Amino acid sequence: MNKGQDKQSADLNNGIVALLPRLRRFCMALAKGQADGDDLCQAAIERALSRADQFIAGTRLDSWMYRIAQNIFIDQTRRMKTRGTEIEVDSPGLSITGDDGVHITEQRSDLARARAALYALPDDQRLLMALVVLDGKSYKEASDILEIPMGTVMSRIARARRAIDAYVNGTAAND
């Protein structure tokens with residue numbers, strides 16, 4: 001390996017490290033839980049590092065990593081359907097501290113409902129909510145990352161928001 005390849009490899013590694021928090025959030029939303037999300041994140045990083053030679057310098061690392069994670073998730077989902085087994089993921093609650101015990105309980109309940117609503121979304125909507133809402137990507141960036149039309153992003157996000165509202169607040173979703 002020459003100096004140019006060493007620098008490119010180091011740049012890729014540093015870029016992946018910087019992307020880790022965002023990639024982890026994305027994977028957790030995609031996999032519907034922390035444990036499976038962490039496993040998915042690890043698998044995506046392993047695949048990216050083993051195929052570092054396929055990364056084209058100057059392209060968006062986040063798009064490449066999200067696509068790898070999405071492809072692994074799709075493969076795992078297909079494998080699970082083929083096997084005919086479904087694994088129930090127990091998602092631990094987040095710890096919210098404060099002086100008002102009633103308020104904390106309500107916050108935990110709201111958070112649990114919001115997380116359950118996100119996890120209940122179809123994969124295509126959950127994926128976009130993870131990119132746009134959790135990771136703060138613009139609709140255009142999400143469109144570019146997933147290589148889908150902007151109108152598709154907008155309509156899926158709108159349907160996802162209506163479904164989450166219906167789930168959390170008990171309103172009727174009109175789809």
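Colleague: Where is Lys32 found?

Modeller: Lys32 sits in the loop between H1 and H2. Helices here are DSSP runs of H or I with at least four residues, strands are E runs of at least two, and both are numbered from the N terminus. This is a predicted model, where local features need pLDDT of at least 70, side-chain atom pairs count only at pLDDT 80 or more, and totals for chains, interfaces and linings use all residues. Residues are numbered from 1 along each chain as its sequence is written, and side-chain values use heavy atoms, without hydrogens and water.

Colleague: Why does Lys32 count as partly exposed?

Modeller: Its relative accessibility is 33%. Buried means under 20% relative accessible area, exposed over 50%, and partly exposed in between (1.4 Å probe, protein chains only). So Lys32 is partly exposed. Its phi is near 65°, a positive value in a residue other than glycine.

Colleague: What makes Glu147 exposed?

Modeller: A relative accessible area of 65%. Glu147 lies in the loop between H6 and H7. Its phi is positive too, about 55°, although Glu147 is not a glycine.

Colleague: Why is H6 called roughly perpendicular to H7?

Modeller: The two pack at an angle of about 110°, with their axes 9 Å apart. Axes are lines fitted to C-alpha atoms, for helices over the stretch in contact, and angles run from 0 to 180 degrees between N-to-C directions. Angles under 35 degrees are roughly parallel, over 145 roughly antiparallel, 65 to 115 roughly perpendicular, and the rest oblique. So H6 is roughly perpendicular to H7.

Colleague: Which residues of H6 and H7 meet?

Modeller: Tyr139, Lys140, Ala142 and Ser143 in H6 meet Met150, Val153, Met154, Ile157 and Arg161 in H7. Contact means heavy atoms within 4.5 Å.

Colleague: How do you know whether Cys27 is buried or exposed?

Modeller: Cys27 has 0% relative accessibility, so it counts as buried. Cys41, at 6%, is buried as well.

Colleague: Which residues touch the most other members of the largest nonpolar core?

Modeller: Leu23, Phe26, Leu61, Trp64 and Met65, out of 41 residues. H1 gives the most to this core, with 9 residues. A nonpolar core is a set of buried Ala, Val, Leu, Ile, Met, Phe, Trp, Tyr and Cys residues joined through side-chain atoms within 4.5 Å. Leu23 touches Cys41, Ile45, Met65, Tyr66 and Ala69, not counting residues up to four places away in sequence.
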